[in-house]
Amino acid sequence: MQKEVDIYLENLKKWQEELTELRNILLNCELTEDFKWKHPCYTYNGKNVVLLHEFKNYCAILFHKGVLLKDEATILIQQTENVQSARQIRFTKLSEIEELKPILKKYIKEAIEVEKSGLEVKLKKTTEVETPQELTQIFKERSKFKKAFQNLTPGRQKGYLYHFSKPKQSKTKIARIEKNIERILDGYGLNDCTCGLSKRKPTCDGSHKQLENQDS
């Protein structure tokens, strides 16, 4: 058991009971407790298997290779359209965790077996993701913006390409692109934290939660 996890749970203003129960379930599995990205993380032979995290409207257990699980109970959720590998199971009250406990244990066991087997998720490359015509046109008009986009990591590029391609109407695609131009010029990905508190800019390290706690 990690002391950082104890401190993390003690400082929670919401979801404390729920995440404590999830932790208890995980501690009875073949996993090692760690603390990464300011959240409880559970590993097998040093490989990340499960992460616990909380949001405003729910808390969740996240399987790093969830896309490889059978999901016989159809309870796994893709957090955003850009997430290729990880999958969540979300909870809004303690009773939901208690009811799902047998299924949760089964999913955790399967996730461990996936890691033991050495299975890997085949991630799409940036070149396999469609570049909308609207973005190509803006690249032609704004070379500095094109260069900034190309300087982003492949994962951040893919995130934007998925986001820009999703709308059916061209005007909506253009609106999404224009809304994110300054963000891209500053080197941020679609889901990067821009609060200015992160010590790992542009990656979010969870420091923005200080602002959320001040507002609550």
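**First stop: helix H3**

Select residues 94–117, helix H3, whose 24 residues reach 32 Å from the first C-alpha to the last, close to the 34 Å expected at 1.5 Å a residue (1.5 Å times one less than the number of residues). Helices (H or I, at least four residues) and strands (E, at least two) are DSSP runs, numbered from the N terminus. The model is predicted: local features need pLDDT of at least 70, side-chain atom pairs count only at pLDDT 80 or more, and totals for chains, interfaces and linings use all residues. Residues are numbered from 1 along each chain as its sequence is written, and side-chain values use heavy atoms, leaving out hydrogens and water.

Within H3, centre the view on lysine 101, where a kink of about 65° lies shortly before proline 102; the bend is the angle between axes fitted to the seven residues ending at a residue and the seven starting there. Moving past the end of H3, select glycine 118, which takes a positive phi of about 80°.

Which residues of H3 are buried? They are Ile97, Leu100, Leu104, Tyr107, Ile108, Glu110, Ala111, Ile112, Val114 and Glu115; buried means under 20% relative accessible area, exposed over 50%, and partly exposed in between (1.4 Å probe, protein chains only). Display their surroundings: these residues pack against helix H2 (16–27) and strands S2 (39–44), S3 (47–54), S4 (59–63) and S5 (87–91), a contact being heavy atoms within 4.5 Å.

**Second stop: the sheet**

Now select the 5 strands, which form an open antiparallel sheet in the order S1-S2-S3-S4-S5; two strands pair if DSSP finds at least two bridges between them. S1 (32–36) and S5 stand at the edges with a single partner strand each, so one side of each lacks a neighbour in the sheet. From one strand to the next, the twist averages 25°.

Zoom in on S2 and S3, which are joined by 4 bridges. Here threonine 43 stands opposite asparagine 48 in S3.

H3 lies across S2, S3, S4 and S5, running at about 165° to S5, while helix H1 (residues 3–10) lies across S1, S2 and S3 at about 60° to S1. Axes are lines fitted to C-alpha atoms, for helices over the stretch in contact, and angles run from 0 to 180 degrees between N-to-C directions.

**Last stop: glutamine 133**

Select glutamine 133 in helix H4 (residues 133–141). Is this residue buried or exposed? Glutamine 133 counts as exposed because its relative accessibility is 67%. Its C-alpha atom is separated by 9.5 Å from that of lysine 173, 40 residues apart along the chain.
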